[in-house]
Amino acid sequence: MAWKIFMGVLLTLVIVLGIGLPMSPHPQTWYELPVIPGLEEKARIIFFHVPTAWLSTLAFLTSMAYAIQYLRKRDPLDDIKSSAAAGLGFVFCVLATLTGAVWAKFNWGSYWNWDPRETSIFVLLLIYGAYFSLRSAVEQEEKRAALSSVYSIIAAVTAPFFIFIMPRIMTGLHPGAKGDPNGAGPVVEFKMAPPMRVIFFASLIGFTLLFIWMFRLRVRTAQLEQAHHAKG
Amino acid sequence: MTNALTLSGKGLGKSFNGRAVFHDVSFSVAEHQTLLITGHNGSGKSTLMKIICQVLTPSAGHVQVGRADSAGDGGRDLFGFVSPYLQMFEEFSAMENLAVAMGIRGRQWNKREAAALLERVGLDPDRDEPVRTYSSGMKQRVKYAFALLHHPPVLLLDEPAANLDAEGVSAVRSIMAAQRKAGILVVATNDPGDVDTPDVMVDLDARR
Amino acid sequence: MPGDSTRMSSYARSVMSVFLKDWRSELRTRYAMNALLMFVVTTIAIVLFSLGSEGAPSDALSGMLWTVIFFSAMSGLSRTFVMEEERGTTFTLQLLAPPSAVFFGKLLFNLVLVLGLNAVTILLYLALITGFVIQTLSIFLVAVLLGSLGFAAAATVIAAIIARANTRGTLYPVLSFPVLLPLLLTVINATRLASEGAYFQEAYGEFQILISYIVVVVVVSSMLFEYIWKD
């Protein structure tokens, strides 16, 4: 219970401070955020966009881990967990895509530019879409669990190839991409000022806790639904 | 005899969509014995047969089969299987089906032996038409040849008399008698008259 | 006691027999071949109509070539598993061979289909599309061969999955696309390099990606196939 209150407070602070704190080119006090040239006020999206992108990946890996577990033990609960994680991952993936597209409109001039990161999240959306199409196409529960587990593992082992392919095909626009004066790398590294850094990591922790909470809720409802079906 | 063939199941159960078809089925048969599986339609006879020949994984329990000196050797070649839902490769002739089957088993192909077996089940080995054109009774005969060609120690017959005329049924009786001499016979049927003297019986109606 | 070598050759015989069964069956029905061929002809015709007499940049033409191949392949490569499921012979095969032997036999069959499909498509494409020329043949040949192998591997395992689903209709391309996209992007890039006359060494990166893709997909699929194949 305590951790849920902690999460609520944390996310409230992130929202209020992330949006509310003033920005200035030469921060004088602790509560002023520095201006990043080229991003300015648009930099605030980092507190919300990056955590959703992080969660869509975390959820994908969680789903795959439970898929492997299901194939080893054949426990229906592992399949429930795998699909619950995938369902949340899909929601966060859509949120990351939307927040990213809105930001791209104002920063790059159009909603979609086929930047490597945009392409990667598009593929992740496709994988989630395919995963749920497959689940809805199989009626028998054990078969559905086994087939969708296998698919999520196959998708998970082929997706990392994009890390090597993207830089060969296109140059990135995204902050943190190759050629970004602020530094390149698979993980976006900003020279963030301390107050920004605190809010950013508070947001990551808060969103991860939110994910755990939603995940447990979904697993419980799915279990109840299944028990209801077995009875009726 | 230390090298005797045995077939046993312990605590077998299977469920689909979270519902148990049967649970806690156990049996044990030795060489030269017959296992009879009975139960009404939908009681899981075919499911149990598929579990015994290790095509289907049980939700609970396990099957053990083999010679005493080669414990755990549960290879596919130990089993021959005949059932109404077993399908032949219909675009091939009877002889081609047997050749395909032996090839996929990874075993040597002996055409003369196959021809003799086809004659034994009452089919013309030189008939070139694809199995698709056969009557259901003839298809059932092809399945017997398909199941017997690799001399399986365990022969599983699901509804052995399905689609067969009187002459076919008597051929099946002689196949069953021969199998009891050679190994283990497992029969699943609605009609206990199919089997004269079963040694072990499993009634699935009592295991729901 | 059978030695390892006889067990090995027995396994190889299983794989070959699964392949030959499908091959002979295909020769009699021509189902997959006809579907593939019709798709190739139709899609190339559409590309021709839309291009008219004007050419297109080499990266667009490389992309279109593999788009034609992808959608044509999606029309025929699931046949090998769907056919077993529709005729009820999945159980027959389960009785006869270990799952991995079935997988590799079917993979071999699809590989032959993909190689044939690619050969026909590429020849037609080269003959009909003006402006599409291959300057570095070595890059192109290696990319097509590796690409076909990777394509067949991924297409085979996804075909096995969709064959066991209740509704198969559009599921095959939907499930295949995200899995095949890394491969497609890489062969498209290699094709572009080949048509622009790059040196062979410049495509090493593409070849490395293709080879690792093949290894990963074949190993993971053969390990997971048992869970797809057995109920």
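Predicted model: local features only at pLDDT ≥ 70, side-chain atom pairs only at ≥ 80, totals over all residues.
Biologist: How many residues apart in sequence are the parts that the pair of Asp165(B) and Arg141(B) ties together?

Modeller: The side chains of Asp165(B) and Arg141(B) meet in a salt bridge with N and O 3.2 Å apart. Asp165(B) is partly exposed at 42% relative accessible area, whereas Arg141(B) is buried at 12%. Since Asp165(B) lies in the loop between strand S6 (154–158) and H5 of chain B, and Arg141(B) in helix H4 (residues 136–148) of chain B, the parts that they tie together are separated in sequence by 24 residues.

Biologist: Which residues do salt bridges that share partners join into one network with Lys21(C)?

Modeller: Lys21(C) forms a salt bridge with Asp22(C), with the closest N and O atoms 2.9 Å apart, and both Lys21(C) and Asp22(C) are buried. Through salt bridges with shared partners, Lys21(C) is joined into one network with Asp22(C), Glu84(C) and Lys106(C).

Biologist: What area is buried between chain A and chain C?

Modeller: The contact brings together 28 residues of chain A and 31 residues of chain C. Ile154(A), Phe161(A) and Arg168(A) supply 22% of the area that chain A buries against chain C, more than any other three residues. Carbon and sulfur atoms give 77% of the area buried between the two chains, which is about 2700 Å².

Biologist: Which element gives the largest share of the side of chain A that touches chain C?

Modeller: Four residue pairs, both members at pLDDT 80 or more, are in polar contact between chain A and chain C. On the side of chain A, helix H4 (116–136), helix H5 (141–158) and helix H6 (161–169) each supply at least two residues, and that side divides into 22 nonpolar, two polar and four charged residues. The largest share, ten residues, comes from H5(A).

Biologist: And what area do chain A and chain B bury between them?

Modeller: This contact takes seven residues from chain A and five residues from chain B. In chain A, the residues that lose the most area to chain B are Gln140(A), Glu141(A) and Glu142(A), together 69% of what that side buries. Carbon and sulfur atoms account for 30% of the area that the two chains bury between them, about 420 Å².

Biologist: By class, how many nonpolar, polar and charged residues has the side of chain A that touches chain B?

Modeller: Across this interface the rule finds two residue pairs in polar contact, both members at pLDDT 80 or more. H5 and helix H7 (194–231) of chain A are the elements that give two or more residues to the side of chain A that touches chain B. The classes on that side are one nonpolar, three polar and three charged.

Biologist: How many disulfides does a search of the whole structure find?

Modeller: Among the cysteines, Cys93(A) is buried at a relative accessible area of 0%, and Cys53(B) also counts as buried, at 5%. A pair would need its sulfur atoms within 2.5 Å, and over all chains the number of disulfides found is zero.

Biologist: How far apart in space are Gly168(B) and Asp77(B), C-alpha to C-alpha?

Modeller: Gly168(B) is found in helix H5 (residues 166–182) of chain B, and because its relative accessible area of 4% is under 20%, Gly168(B) is buried. Gly168(B) and Asp77(B) are 91 residues apart in sequence, and their C-alpha to C-alpha distance is 25 Å.

Terms used
Residues numbered from 1 in each chain as written. Chains lettered and ligands numbered in written order. Heavy atoms only, no water. Buried < 20%, exposed > 50% of the residue type's maximum accessible area, 1.4 Å probe, protein only. Contact = heavy atoms within 4.5 Å. Buried area = accessible area lost by both parts, 1.4 Å probe. Polar contact = N/O pair within 3.5 Å; in protein donor to acceptor, adjacent residues only side chain to side chain. Helix = DSSP H or I, 4+ residues; strand = E, 2+ residues; numbered from the N terminus. Nonpolar A, V, L, I, M, F, W, Y, C, P; charged D, E, K, R; others polar. Salt bridge = Lys/Arg side-chain N within 4 Å of Asp/Glu carboxyl O.
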